[in-house]
Amino acid sequence: KLNGLITAAVTDHATGRLLMIGYMNDQAWQQSRETGFVTFWSRSRNQLWTKGETSGHRLRIVEIRTDCDFDALELRVEPLGPGVCHEGFASCFSRRYENGAWVRAEEPTFDPEAVYTI
């Protein structure tokens with residue numbers, strides 16, 4: 001459906017919180033299973049990337065589930081770091097829609113400039 005990619009929702013195994021959404025191809029799927037750490041296919045860079053390879057905030061896989069159609073994954077993980085969002089938040093879902101605007105629903109958990117190089 002998505003040119004050989006499957007949607008992967010990443011949740012914190014301890015809290016159930018949705019942390020991020022990524023995409024996997026066969027190579028990312030195999031590498032994730034072999035290493036025990038989440039690896040995605042970057043659609044913008046057209047290459048594999050293991051979450052945390054720059055920041056150190058890796059995602060250790062605890063359990064993998066699929067939906068009833070076998071066309072999406074849920075990766076239940078142990079986050080190894082203060083957050084997964086490149087903007088410095090615990091979750092990529094850190095904003096909520098309120099009164100016609102997107103507002104920050106939480107405070108950052110780390111300084112992205114300290115962990116990411118551009």
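Modeller: A helix is a DSSP run of H or I with at least four residues, a strand is a run of E with at least two, and both are numbered from the N terminus. Just after helix H1, Gly 36 takes a positive phi of about 85°. The model is predicted, so local features need pLDDT of at least 70 and side-chain atom pairs 80 or more, whereas totals for chains, interfaces and linings use all residues. Residues are numbered from 1 along each chain as its sequence is written, and side-chain values use heavy atoms, without hydrogens and water.

Colleague: What makes Asn 25 a cap of helix H1?

Modeller: A side-chain oxygen of Asn 25 lies 3.2 Å from the backbone nitrogen of Gln 27, at the N-terminal end of H1 (residues 26–35). A polar contact is a pair of N or O atoms within 3.5 Å; within protein one must be able to donate a hydrogen and the other to accept it, and residues adjacent in sequence count only if both atoms are side-chain atoms. The 3.2 Å of Asn 25 is within that limit.

Colleague: How do you know which strands are the edge strands of the sheet?

Modeller: The open sheet has 4 strands in the order E2-E1-E6-E5, with mixed pairing. E2 and strand E5 (58–66) each pair on one side only, and they are the edge strands. Two strands pair if DSSP finds at least two bridges between them. Strand E1 (residues 6–12) and E2 have 6 bridges in the antiparallel sense, and therefore they count as paired. Across this pair, Thr 11 stands opposite Leu 18, and Val 10 stands opposite Met 20. The hairpin of E1 and E2 has 5 residues between the strands, and there Gly 16 takes a positive phi near 80°.

Colleague: Why are Thr 15 and Ser 44 called exposed?

Modeller: Thr 15, in the loop between E1 and E2, has 59%, which is over 50%, so it is exposed. Its side chain reaches the backbone nitrogen of Arg 17 at 3.2 Å. Ser 44, in the loop between E3 and E4, reaches 73% and therefore also counts as exposed. A polar contact of 3.4 Å joins its side chain to that of Ser 42.

Colleague: What makes a residue part of the lining of a pocket?

Modeller: On a 1 Å grid over the protein atoms alone, a pocket is an open set of points where a 1.4 Å probe fits, with protein on both sides within 12 Å along at least five of seven lines; lining residues have an atom within 4 Å of a point. The largest pocket is lined by 21 residues, and Met 20, Arg 45, Trp 49, Lys 51 and His 86 lie nearest its centre. Strands E2 (18–24), E3 (39–42) and E4 (47–50) each supply at least two lining residues, and the largest share, 4 residues, comes from E2.

Notes
Buried < 20%, exposed > 50% of the residue type's maximum accessible area, 1.4 Å probe, protein only.
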